[in-house]
Amino acid sequence: MTNSNDGGHYRVVWPRSKRQLQPMPLAPRLDTLAGKTIAQLWDYVYRGDEVFDLLEPQLEARYPGVRFVSWREFGSTHGAEEREILASLPQRFKELGVDAAISGMGC
């Protein structure tokens, strides 16, 4: 709101609080997907099964030797067991030799 002494200017309040967490560095990126194992993660919300079926042959054509671990191996990344499934991913990735992951989620 203005008052008669503000020259037509408005007070502005920043809508965000002070940053609570410091940014973390990103994980190193793979130089190629050739010969790598990729986990498919899906929240079972929007057509991920169809998307992965379309994506796989395209990636196989572009990156020789790429391998996939199906979303069926992991269960839904959304819902009642979400916390347990997400918490188990690092160990599951290690057991399955996963190098990278594609996470498909419906919006």
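This is a predicted model: local features need pLDDT of at least 70, side-chain atom pairs count only at pLDDT 80 or more; totals for chains, interfaces and linings use all residues.
Helix α2 has a kink of about 45° at Leu 89, shortly before the proline Pro 90.

- Helix α2 covers residues 82-96, which is 15 residues, and the distance from its first C-alpha to its last is 20 Å, close to the 21 Å expected at 1.5 Å a residue.
- After α2 comes Gly 97, a residue whose phi is positive, with a value near 70°.

**The buried residues of α2**

- Ile 85, Leu 89 and Phe 93 are the buried residues of the helix, and Leu 89 is also where the kink lies.
- These buried residues of α2 pack against two strands, namely β1 (37-42) and β3 (100-104).
- An α-helix has 3.6 residues a turn, so residues three or four places apart point the same way.

- Glu 73 and Arg 92 form a salt bridge in which the closest N and O atoms are 2.4 Å apart.
- Because Glu 73 lies in the loop between β2 (67-69) and α2, while Arg 92 lies in helix α2, the pair ties together parts that are 19 residues apart in sequence.
- Arg 92 also meets Glu 95 through their side chains, in a salt bridge with an N to O distance of 2.9 Å.
- Both Arg 92 and Glu 95 belong to helix α2, where they sit three residues apart, about one turn of the helix.
- Glu 73 is partly exposed, with a relative accessible area of 42%, and Arg 92 also counts as partly exposed, at 21% relative accessibility.

**The salt bridge between Glu 50 and Arg 47**

- The side chains of Glu 50 and Arg 47 meet in a salt bridge, with 2.8 Å from N to O.
- Glu 50 is partly exposed, its relative accessible area being 37%, and Arg 47 is likewise partly exposed, its relative accessible area being 44%.

Methods. Residues are numbered from 1 along each chain as its sequence is written. Side-chain values use heavy atoms; hydrogens and water are left out. Helices (H or I, at least four residues) and strands (E, at least two) are DSSP runs, numbered from the N terminus. The expected span of a helix is 1.5 Å times one less than its number of residues. The bend at a residue is the angle between axes fitted to the seven residues ending there and the seven starting there. Buried means under 20% relative accessible area, exposed over 50%, partly exposed in between (1.4 Å probe, protein chains only). Contact means heavy atoms within 4.5 Å. A salt bridge is a side-chain nitrogen of Lys or Arg within 4 Å of a carboxyl oxygen of Asp or Glu.
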